[in-house]
Amino acid sequence: MPAVAETIDTVRDVTQGTYKWGFESDVEQDIIPKGLDEDVVRLISGKKQEPQWLLDWRLKAFKAWQSMEVPHWAAVSYPPIDFQEASYYAAPKQTVAPKSLDEIDPELLRTYEKLGIPLKEQERLAGVAVDAVFDSVSVATTFKDKLAAVGVIFCSFSEAVHNHPELVRKYLGSVVPAGDNFYAALNSAVFSDGSFVYIPKGVRCPMELSTYFRINARNTGQFERTLIIAEEGASVSYLEGCTAPMRDENQLHAAVVELVALDEASIKYSTVQNWYPGDAEGRGGIYNFVTKRGACRGVRSKISWTQVETGSAITWKYPSCILQGDGSVGEFYSVAITNNYQQADTGTKMIHLGRDTKSTIVSKGISAGHGQNTYRGLVRIMPKAHNARNFTQCDSLLIGNQCGAHTVPYIESRNPTAKVEHEATTSRIAEDQLFYCRQRGLSEEEAVGLIVNGFCREVLAVLPMEFAVEAQKLLAISLEGSVG
Amino acid sequence: MASSSRQPEMAVPVMDGAVREMGGAPMPLVHPSVAAMLELRRAEEGPEWLATLRDRAAEAFARLGFPTRRNEAWHYTDLRSLAELRFAAPERGGAARLPDGVADAGAPRLVFVDGAFRPDLSDLDSLPDGVRVESLSSLLAMGGGEGRLGALADAESGTFVALNTMLADDGAVITCTAAPEAAARLHLVSVGRGGGERPVAFHPRHLIHIAEGAELTLFDSALGEGAYLNNTVAEITLGKAARMTHVRLQAEAATGFQVSTVFAHVAEEAEYDSFVLATGARLARNEVHATLAGPKAVAHLNGAQLGDGARHVDTTTVLTHAAPNCASRQTFKSVLSGASRAVFQGKIHVHQVAQKTDGYQMNQALLLSPTAEIDAKPQLEIYADDVKCSHGATVGELDADQLFYLRSRGLPLAEARAMLIEAFLADALEAVRDETLRAALAAATAAWWARAHAEAGA
């Protein structure tokens with residue numbers, strides 16, 4: 001970007017401040033009435049014309065959910081959620097399914113353009129294939145043809161249910177069972193759409209795949225499900241981005257992501273989570289209660305999670321790896337920022353089952369304002385995981401004296417040949433670093449941005465390029481007003 | 001912020017689901033053993049404040065019951081083996097002798113048998129000036145103890161503190177005003193006697209106060225035979241610039257249970273320096289709550305836990321920085337053979353006022369057998385920004401390169417292993433500055449190693 005444009009952009013960012021993705025789109029919506037019971041589950045399933053087995057699966061999940069209690073162990077506090085006060089299905093109204101992008105509501109396309117994902121342009125630029133999820137349904141998937149040529153299936157979850165039921169049935173709930181936890185069970189009962197990816201044997205996905213999630217409607221929750229399967233020797237890089245309008249009330253986002261990597265397959269899953277974080281007084285914002293888990297089923301398979309968490313009023317997520325195949329590798333790279341009254345309780349779980357399994361955890365937490373940031377992670381070495389290795393590095397940075405940074409790692413080892421190393425530090429931005437930057441003419445805010453970017457570099461370095469640029473800007477914007 | 005005041009209830013396996021193969025069946029809400037413990041309570045003859053304290057503790061104990069693994073603070077320590085037992089109150093008096101294994105600490109000795117002070121076995125002739133010692137039972141009998149008993153240990157804080165508060169009838173009450181030059185030392189010995197029809201449970205309560213500028217070295221050793229529960233609570237207050245070196249040796253009977261909870265309140269410029277060596281008991285939990293309450297206070301919590309057989313050892317520390325410019329250091333090592341299991345949970349909690357905190361914690365575990373297990377949860381909870389806090393944890397077996405080096409020098413594998421383990425333990429004991437006490441701990445370590453070694457050889 002030329003210097004002038006960059007400056008104008010920066011000035012606009014600073015003056016408009018805060019959350020520039022907070023607009024609301026005026027799209028005609030099909031929303032079902034508030035409330036949640038078995039009939040709602042049937043209604044959602046019916047709207048999507050699902051097969052009986054899927055409805056049964058949903059109902060089983062719903063039953064499990066009803067007997068479950070809201071988890072309270074995370075270091076986050078919020079008033080009890082009334083699950084009957086939300087609507088569990090909202091979809092942009094469209095009578096006939098769109099055949100191409102031209103048939104999609106132009107208002108919807110404009111929304112995505114504002115978000116920086118011009119689907120139409122993207123189709124032309126040889127770039128990233130995007131599946132965009134608007135509230136509950138997937139509205140467009142670009143580059144389908146090109147992907148189909150190599151046998152890659154990239155479509156909305158609903159399409160996958162209709163076109164590839166055998167795959168969905170085989171893998172759905174195989175990593176995150178329907179009754180896994182409170183929010184996963186809720187998702188399993190009422191999920192409306194999401195993305196589905198299947199990479200056939202030996203195929204390296206020719207482009208990065210991406211999903212953009214957007215919550216638009218009021219009083220709704222978003223419950224999408226992502227399922228990615230990489231067959232033997234396949235590899236894929238998947239990007240996920242999210243935004244939502246600014247509202248005073250809190251909205252619930254309870255997603256489930258399941259990854260399956262077979263022999264020597266590799267899946268890289270990157271997230272830039274920028275849901276509306278609430279205002280400076282802590283009003284509004286998204287409750288982001290997400291279950292993400294990957295199973296390294298095959299030998300020498302690899303799953304890598306990278307996340308930049310800047311949004312949401314409350315974040316509760318632990319992207320995990322079950323390292324089942326011998327020699328499989330799990331990675332978790334995370335940057336989580338909490339500013340104002342945001343709360344984040346996030347981390348990972350690495351379950352080592354197979355021999356010679358290896359995991360790396362790098363977590364960078366930044367707290368500013370009244371933010372509370374917790375790393376919570378588990379490294380578990382099971383008795384058969386000979387020669388397993390884990391290295392964990394958790395660093396926390398505190399900006400201001402009203403915030404908190406917490407580290408809660410759990411280390412469990414039942415194999416003497418395994419080696420586990422964990423390191424954690426907490427500190428604030430050093431005065432001398434700030435002084436050095438200020439003396440070079442940077443404003444305090446710019447200096448903090450620079451130092452924070454440096455603090456996060458190990459994580460930013462593993463992000464796909466498109467995301468890395470966005471993430472760096474997001475870091476700076478998220479910390480606005482936290483100094484001086 | 002909810003987490004500042006209470007522990008989250010739920011533990012890892014249910015974090016967002018995942019593997020639950022370790023979950024145990026939940027215990028019934030009102031456990032018969034809780035009722036059995038409640039029955040042990042005798043009618044209170046003491047003053048009203050004491051009756052109120054005991055009532056509240058009984059109420060808390062009945063409500064809390066024995067913690068299950070669903071209780072976050074007890075997630076890794078399963079108490080079912082303890083809760084199954086119907087404990088009886090120990091018989092007081094009777095003939096007793098000091099067991100052979102009591103180390104000579106070169107200090108006046110207070111002996112407790114089944115938690116009761118035994119002047120006949122104690123040796124208080126050479127009590128240094130400035131050290132006053134009495135038993136809790138005599139203090140209570142004279143109507144004293146108000147405001148001191150329970151000053152730090154809140155019955156609401158947990159089952160075992162509640163149980164102790166409800167039933168504690170004896171313990172050591174120590175007041176030290178001795179200047180550092182006096183090099184005051186004391187040795188506290190606890191002897192557990194099981195072997196009766198029913199296992200006994202005793203609940204000593206020690207109240208220790210080190211006055212402003214005073215200094216005391218306390219050696220605290222526990223041993224015994226048969227099946228019993230030693231549920232000790234110690235309340236320790238250090239005045240301004242006071243110092244206490246607290247060296248503990250837990251060598252309880254292999255069939256015994258020990259739950260020990262220490263509360264240390266460290267005032268301005270004072271220093272609490274503690275080392276715990278755990279080599280005994282079927283199941284042992286050592287819980288330390290140290291609060292740095294005044295500026296420039298210092299706490300050292302160090303220790304080593306050695307496991308063999310099917311023993312379970314648990315060290316849980318909560319180090320609270322409640323004032324600015326304080327420093328804390330924690331180093332814990334675990335060495336585990338057989339099917340033993342060790343737990344280390346260490347939390348550094350930094351309050352918002354505690355700027356310029358310097359907190360460090362290291363926890364290392366050596367697994368010597370394929371059936372041993374270590375569970376570690378080092379934890380930082382920080383609400384102040386100008387702090388330097390870190391923790392580290394490592395788990396593994398003996399270093400292959402080091403073993404290779406020794407073997408290349410002609411040492412047989414077993415000898416090379418023994419040498420490296422000895423070095424690992426010697427390193428841990430370095431933290432004990434008192435040479436006499438370090439030698440006593442080294443002897444206990446050697447005794448453990450002989451056991452573990454035999455086990456490995458078998």
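Contact here requires that the C-beta atoms of two residues, placed from the backbone, lie within 7 Å. Helices (H or I, at least four residues) and strands (E, at least two) are DSSP runs, numbered from the N terminus. The model is predicted: local features need pLDDT of at least 70, side-chain atom pairs count only at pLDDT 80 or more, and totals for chains, interfaces and linings use all residues. Residues are numbered from 1 along each chain as its sequence is written, and chains are lettered from A and ligands numbered from 1 in the order in which they are written.

Helix α9(A) spans residues 182–190, and nine of its nine residues are buried. A residue is termed buried if 20 or more other C-beta atoms lie within 10 Å of its own, exposed if 12 or fewer, and partly exposed in between, with C-beta atoms placed from the backbone. For chain A as a whole, buried residues make up 56% of 484 residues. The chain contains 13 helices and 24 strands. Of its contacts with a separation of 6 or more, 82% are between residues 24 or more positions apart.

Strand β11(A), residues 256–261, is mostly covered, with six of its six residues buried. A:Val256, A:Glu258 and A:Val260 point one way from this strand, while A:Val257, A:Leu259 and A:Ala261 point the other way. In a regular strand the side chains alternate between the two faces of the sheet. Two strands are taken to pair if DSSP finds at least two bridges between them. On this criterion β11(A) pairs in the parallel sense with β8(A), residues 224–230, over six bridges, and A:Leu227 stands opposite A:Glu258. Strand β11(A) also pairs in the parallel sense with β13(A), residues 285–296, over six bridges; here the bridge partner of A:Leu259 is A:Gly294.

Strand β14(A), residues 302–309, is largely enclosed by the rest of the structure, because eight of its eight residues are buried. A:Lys302, A:Ser304, A:Thr306 and A:Val308 point one way, and A:Ile303, A:Trp305, A:Gln307 and A:Glu309 the other way. Eight bridges connect β14(A) in the parallel sense with β12(A), residues 266–273, and A:Ser266 has A:Lys302 as its bridge partner. A further parallel pairing, again of eight bridges, joins β14(A) to β17(A), residues 329–338. In that pairing A:Gln307 is partnered by A:Ser334.

Helices α10(A), residues 431–439, and α11(A), residues 444–455, pack at an angle of about 125°, with their axes 9 Å apart. Axes are lines fitted to C-alpha atoms, for helices over the stretch in contact, and angles run from 0 to 180 degrees between N-to-C directions. The angle makes α10(A) oblique to α11(A), where angles under 35 degrees count as roughly parallel, over 145 as roughly antiparallel, 65 to 115 as roughly perpendicular and the rest as oblique. From α10(A), the contact is made by A:Gln433, A:Leu434, A:Cys437 and A:Arg438, and from α11(A) by A:Glu444, A:Ala447, A:Leu450 and A:Ile451. These residues divide into five nonpolar, one polar and two charged. In this classification Ala, Val, Leu, Ile, Met, Phe, Trp, Tyr, Cys and Pro count as nonpolar, Asp, Glu, Lys and Arg as charged, and the others, Gly among them, as polar.

Between the chains, 47 residues of chain A are in contact with 45 residues of chain B. The elements giving two or more residues to the chain A side are β19 (349–352), β21 (372–381), β22 (389–399), β23 (404–413) and β24 (419–428). That side has 21 nonpolar, 18 polar and eight charged residues. Seven bridges join β24(A) to β20(B), residues 387–396, and these strands run antiparallel. A:Glu421 has B:Thr394 in β20(B) as its bridge partner.

In chain B, B:Gly101 lies in the loop between α4 (80–83) and β1 (109–113). B:Gly101 is partly exposed, with 15 other C-beta atoms within 10 Å. Not counting residues up to four places away in sequence, B:Gly101 touches B:Leu223 and B:Ala251. B:Gly101 and B:Ala444 are 343 residues apart in sequence and 9.5 Å apart in space, C-alpha to C-alpha.
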